[in-house]
Amino acid sequence: MNLFFSSLSYSVKQAYKSLQQTPSFVFSVITTMSITLGALLCVLTLAYVMLFKPLPYPDAEHLVKVDHIMTKKDGSRTDPLFSYPSMMYLVNNQTLFSDIALSSYDKQILTSHTSQPTMLTTYVTPAWFELFQVPMELGRAFAKDVDIKNDVPEAVLSFDTWQQAFNNDENIIGKTVRFRDVSFKVIGVSAQSFIEPQLIKAGYKSQVWLTWDFNRTSARARKDWGSINENLIFVAKLDKNNSTAQAEQQLSPSVNAKWQEGVASDAFYDGWRVDIQVSQLKSAILSNHQQSVLLLLAGVFGLVLIACSNIANLFIARMAQLQKTLAISAAVGAKKSQLFKLLLAESSLLMFASLMIALIFASVGFVVLQQNLAQVFPRVDEVVLSTFTLSSAILFATMFTLFFALLGNKMINYRAISQHLHGSGKGVDMQISKKVRYSLIVSQVAIASVLVFGNLSLFTEALKVINEPVGVNTANFVDIDFSTKRRPTQEEIDGPVLGTAIKNSLLALPQVAAVSNSQSPLSGFYEMALTNVATNEHMLPGVKWIDESYFQLIEQPLLAGDYFTVSDIREGFTGPEGKIDNMVMIINDTLAKKVVPQGASLDYALGKKFKMDERGVFTVIGIVKGMKMPGVSNIPVRAYVPSSVHSISMTVKLKPNQTLSREQVITAVNEVTSLFALFSMKDVAEIHQQLLFSERATAITTGTLALLTILLAALGLYGILSYSTQMRRYEIGTRLALGAKRRDIVNLIVFDNLIAVIIGIIISIVILIGLMMAFNEQLESIINVSLLPLFLLTLLLISGIAFNACYLPLRTYINKPALYSLRGSE
Amino acid sequence: MNQNKNNNIAIKMSNISKIFETQALETHALTDINLTINKGDYISISGPSGCGKSTLLSLLGLLDMPTSGTYFIEGEDVSQLSLDQAAETRNSKIGFIFQSFNLIDELSVFDNVALPLRYHRNKPNVETIKNRVNECLAQVSMTHRTSHKPNQLSGGQQQRIAIARALVTNPAILLVDEPTGNLDSKSGDQVMDVLAQLNENGTTICMVTHDPRYADMAKIQLKLLDGAILTVPSLQIAN
Ligand SMILES: Nc1ncnc2c1ncn2[C@@H]1O[C@H](COP(=O)(O)OP(=O)(O)OP(=O)(O)O)[C@@H](O)[C@H]1O
Ligand SMILES: [Mg+2]
């Protein structure tokens, strides 16, 4: 054993010494390997966390998410959302779950705080903290054994909230925080290490948890079986003796029966059915993110392939270089196994160094993931340097070490070595055979073309969506929303219209150019059922409530008819109350085209009447050009109706180069009324960016992968070709001596490698066509004619790299007198 | 510089020096060399190792550029050529024969010999190339085996192919560096016979050799020592 170690340390020392003499080889191998291993470890850890790692909660495998699915008469299903009474019925009438955690996600203003921040508040049932075993920094969690209907208003702050909004106040426990007009007593602060389950969407982080019963579901909705609520989430611990399927079978009938009772009076729900769906919490959180992580994994494996072929090539070249040393070692009696040990030691040293750097790269990658892709990939908070990362790092490094050592060993041509020793003088330089060199070039070109093209197409697709104009002006706009702090007093109800007053107070600010009493164009639309009065046809357009200045302000073009006027704006608080006889509507061209017979002008739609549930009948007075929401490829049907004077959603246009702070808005509003608090304030440009988030993430990842691929392919091709050029230097020197000009030599090398490059390109085309046929459905949206120029660009890029890889190594020989290529080996 | 129009002069070097500059020191490989070679001459250059023989030969062959001095081949000034111009002049005026043959392994014997013609300014047609190559191979008695690869031949045969290649463009001079260095004495003798035969038929030859026996075969024998020529019989004739 001792002997083994001493011989090992001897090999390592030898290897270290020999590597010291080839810094460029060491540099190339370590750069390539550490970049690749770093990317691999990063993505592998992400994939492991998302796909395999148990959730970081006790009994994680028994945690389930319970969903409430309504099936319509026609068999289509709604989104899996609960109605409040169904949820409460299930809580009170089941025996399968040992612990139940309900959450209701909300966003409210912390009115007790001087800067009145808007916070993500989550109402949770008593068992919530127990189920997810929330570690506490200060105080305690909600008491577990109290009734769900407990009406003591208590709050637990998240660690970040405690830090950012309360300056780490050690005496926070017992103080109160007020949301709207309810004061909650702070009973605890969660620890920094708590990883919140991302139940509602990826990257969601609650800022304050509040007592369940204070959730803002209205008294009416708490009894309305037909009203579903997207903010309600049901998580539970399933008894160990039951499977999710059993639970579904057992729960569905009773909930369905009860639900049918609840909606019996509403003919709308005739023929509908409710099912309970129980799924593993882990897979519920993963939901449809699986595909993107698998895609990323595929991209990284492509990188690994390129890197391996690069390094294989570098090792082969090195073996050729080492042949003399090896020949002499062999001559003085070194056995094959001893030479192999030396190779193994060399390759271990290189992989070890790469591994260390790769771990640093991976850690940087983790931070980048957490800061930029938290909304794309769930659970990125759990992506850290873990046992999994380390063991897969060691596994891969060992695999690569062995692979390269074995490859190197295979490349040593022992016959050539002995020939070398006998010095037959016929130039027995141990060259990489032409076949090996060709196949390296072919594989390099093929893989790189496929990867670069794949990434570039996703990249340009994302870029196209990002740069697509929305069709309206969104520059210098701020979207401002208010919410009531408390119930209005009778005086406030009877007094002057606060919506108008707030609008005027904002208009009075020096930075403000104009104010529209409407939500910003990017804040979205509400889906409302419309009925074409003439044809009785139903539609579900996106509807937006706007004032008379909205379209002109955002420069949305009018195609026919007229804009709203001040007299169209409703006076009442809600639709029916301020009922006027002639309610008007403006529709977009997409909707107009549905009404207008083929070939007729859009004007035909003017004067058409639409009924919007109990709000009444609207007459179309104008048609506007449709606008595109960022990140959405089509323009759906839309209708605009006049807002109310009481509306407190404002879109503010700032004067050029001006900014508006929260404080300035709060001060302006407080001068008018104490009823409203600033709920949200966002630059429209910022909303735009947020809507494009996933496209940006795609662009960043695919762009990075494409760049890495190009970099590695360039390194690899350069490696192979510079080596083969070096091997041919005598031939080049001879040809120069015989009168070849520089151009002759460049042509010689380029044409010599052209075939390999062309074969590589053909293989890449075959692979791409194969992929397109295999994934036709998934790729349908991406495949189109614009891909052809992109593919040509890819080919140009790869050929350019290949050409430079041919040319650059030649410069040493062809730009000096011929003698330098002819001289003996140094 | 007095440009000598004498048609009989193949090569004229005046005050040629070559200094190699390496990190630490300057090596004066050649100092103030004056050398004239007439058409039909057979010159041998010998001297101790490191005296500058190969350096002189590479300057003669335009494989490297002198540090100073002037150089004419057949009356044409070649002291200041660009890399590509030098290549063209090498191709048409100079034939090389190397100690290690420097045949290209992937090419057949025929293609090796034809190679200089393919780099020729006015590339001859296929027929002309074929005739010329066969003619040269005949001069070295290697007309059989034209489709072999060089590594299928003996060293002596390879060197004869190399000689045929050097002859193929009808150069003004053959530059030969230790032609027998890698050969046994029998093959060496054969190669030297070929060279003598060629000279007899009018080819100008300048040969570097260690071997006094072979040096004696030349009509003019130059001795180099420390980068300078010791005896230059032809110099008096030229001036
Ligand atoms: N590229 C170079 N850089 C530096 N010094 C050089 C270079 N080439 C040759 N020399 C030096 O120039 C001198 C002449 O070298 P050259 O090769 O001409 O000698 P040689 O007479 O051919 O010797 P040999 O008989 O051993 O072949 C030597 O001292 C050599 O070290
Ligand atoms: Mg020499």
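The points that follow take up the chain interface, the ligand site and the salt bridges in turn.

1. The structure is a predicted model, and local features are reported for it where pLDDT is at least 70. Side-chain atom pairs are counted only at pLDDT 80 or more, whereas totals for chains, interfaces and linings use all residues.

2. Extent of the interface. Contact between the two chains involves 21 residues of chain A and 22 residues of chain B. Together the chains bury about 2100 Å², and carbon and sulfur atoms account for 58% of that area. On the chain A side, A:Arg735, A:Leu738 and A:Lys741 contribute 30% of the area buried against chain B, more than any other three residues.

3. Polar and charged pairing across the interface. Between chain A and chain B, 9 residue pairs are in polar contact, with both residues at pLDDT 80 or more. The interface also holds 2 salt bridges. One of these joins the side chains of A:Arg742 and B:Asp84, with an N to O distance of 3.7 Å. As background, side chains of opposite charge can pair when their charged atoms come close.

4. Make-up of the chain A surface. Three helices of chain A, namely H20 (729-737), H21 (742-774) and H24 (819-822), each provide at least two residues of the side that touches chain B. Helix H20(A) gives the most to that side, with 5 residues. By residue class, the side of chain A that touches chain B comprises 10 nonpolar, 3 polar and 8 charged residues.

5. The ligand site. Which chains supply the residues around ligand 1? Both chain A and chain B do, so the site is shared between chains. The shell has 13 residues, of which B:Ser49, B:Gly50, B:Lys53, B:Ser54 and B:Thr55 come nearest.

6. Polar approaches to the ligand. A polar side-chain atom of B:Ser49 lies 2.5 Å from an oxygen atom of ligand 1. For B:Thr55, a side-chain N or O atom is 2.5 Å from a ligand oxygen, and for B:Lys53 the corresponding distance is 2.6 Å. The protein buries 70% of the 630 Å² that ligand 1 exposes when taken alone.

7. Composition of the ligand shell. Strand E2 (26-38) and helix H1 (53-60) of chain B are the elements that give two or more residues to the shell around ligand 1. Helix H1(B) provides the largest share, 3 residues. The shell divides into 8 polar, 3 nonpolar and 2 charged residues.

8. Salt bridges overall. Over all chains the count comes to 28 salt bridges. Among them is the pair A:Lys53 and A:Glu382, whose side chains meet at 2.8 Å, N to O. A:Lys53 sits in the loop between helix H2 (23-51) and strand E1 (63-71) of chain A, and A:Glu382 in the loop between helices H9 (336-372) and H10 (387-411) of chain A, so the pair ties together parts that are 329 residues apart in sequence.

Methods: Residues are numbered from 1 along each chain as its sequence is written. Chains are lettered from A and ligands numbered from 1 in the order in which they are written. Side-chain values use heavy atoms; hydrogens and water are left out. Contact means heavy atoms within 4.5 Å. Buried area is the accessible area (1.4 Å probe) that two parts lose on being put together, summed over both. A salt bridge is a side-chain nitrogen of Lys or Arg within 4 Å of a carboxyl oxygen of Asp or Glu. A polar contact is a pair of N or O atoms within 3.5 Å; within protein, one must be able to donate a hydrogen and the other to accept it, and residues adjacent in sequence count only if both atoms are side-chain atoms. Helices (H or I, at least four residues) and strands (E, at least two) are DSSP runs, numbered from the N terminus. Ala, Val, Leu, Ile, Met, Phe, Trp, Tyr, Cys and Pro count as nonpolar, Asp, Glu, Lys and Arg as charged, and the others, Gly among them, as polar. A residue is near a molecule or strand if one of its heavy atoms lies within 4 Å of it. Accessible areas come from the Shrake-Rupley method with a 1.4 Å probe; for residues, only the protein chains shown count as cover.
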